[in-house]
Amino acid sequence: MFSRTVRLRTLGIASMLALGVAMAAWKLLPPSRQQLVHSGLTAEAIARMQEFYEPARFLPDFIHCIRVEISPAEFAVYVRTLGLQPGRGIHALPHRCEIPWWTPPDLGKPGGDGGQAQLLVYHHPSTNPEAGEIAVLRDGVLYYVAWNS
């Protein structure tokens, strides 16, 4: 009876130790890209955002779309957090998010008011032609899309 109690206590202590090590390792892991995407937004923006994330059948395929109203200052923090660079030669956002609220702007046209809308386009340069990440601020609305297909 005594040896069984000692074994159970040892097993319990070992389990708790393993759990502690696993939790510490989890804290040391770098954040996932999806977590990083959220960390670039304020709590208020996260509460208001529309988001779509769909992993594909075969990893690493995915599509991630976000639409939220933010200020130009918030957008500057956002693209800096994600490490995005000014996008040159990007003329359209992929229409890969098949959801009603995903209505990305036509990057070649002025805003709905008929004047020149504020348009900021940033992207993550990738050597993979089947992957990408783009953030656009148009008329105070952030459109973020990342994909790997």
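Which residue just after H4 takes a positive phi? That would be Gly 83, at about 75 degrees. Let me back up and walk you through the rest.

First, the housekeeping. This is a predicted model, so to speak of local features we need pLDDT of at least 70, and side-chain atom pairs count only at pLDDT 80 or more, while totals for chains, interfaces and linings use all residues. Residues are numbered from 1 along each chain as its sequence is written, and side-chain values use heavy atoms, with hydrogens and water left out.

Okay, the overall layout. The chain has 4 helices and 6 strands, where helices (H or I, at least four residues) and strands (E, at least two) are DSSP runs numbered from the N terminus. Going along the sequence, you read α-α-α-β-β-α-β-β-β-β. Take the contacts, meaning heavy atoms within 4.5 Å, between residues at least 6 apart in sequence: 59% of them join residues at least 24 apart. The accessible surface is about 9,900 Å², and 61% of that belongs to carbon and sulfur atoms; the areas are Shrake-Rupley with a 1.4 Å probe, and for residues only the protein chains shown count as cover. Of the 149 residues, 31% are buried. Buried here is under 20% relative accessible area, exposed is over 50%, and partly exposed is in between, with a 1.4 Å probe and protein chains only.

Now the inside. In soluble globular proteins, nonpolar side chains tend to be buried together. If you click on Ile 70, leaving aside residues up to four places away in sequence, you'll find it touching Leu 41, Ala 45, Arg 48, Phe 75, Leu 137, Gly 140 and Leu 142.

On to the aromatics. Rings of Phe, Tyr and Trp (its six-membered ring) pair if their centres lie within 6.5 Å; planes under 30 degrees apart are stacked, over 60 edge-to-face, and the rest tilted. By that rule we get 4 aromatic pairs. One of them is Tyr 78 with Tyr 144: the centres are 6.1 Å apart and the planes at 90 degrees, so it's edge-to-face. Tyr 78 sits in helix H4 and Tyr 144 in strand E6, so this pair ties together parts 66 residues apart in sequence.

Trp 101 and Trp 102 make another edge-to-face pair, 6.2 Å centre to centre with 80 degrees between the planes. Trp 102 is in the loop between strand E3 (85–86) and strand E4 (119–123), and at 6% relative accessibility it counts as buried. Trp 102 and Tyr 143 are 41 residues apart along the chain, with their C-alpha atoms 8.4 Å apart.

Next, the disulfide, meaning a pair of cysteine sulfur atoms within 2.5 Å. There's 1 in the structure, joining Cys 65 to Cys 97 with S to S at 1.4 Å. It's right-handed, with 70 degrees about the S-S bond. Cys 65 is in strand E2 and Cys 97 in the loop between E3 and E4, 32 residues apart, and both are buried.

Last stop, Asp 139. It's not a glycine, yet its phi is positive, about 55 degrees. You'll find Asp 139 in the loop between E5 and E6, partly exposed at 49% relative accessibility.
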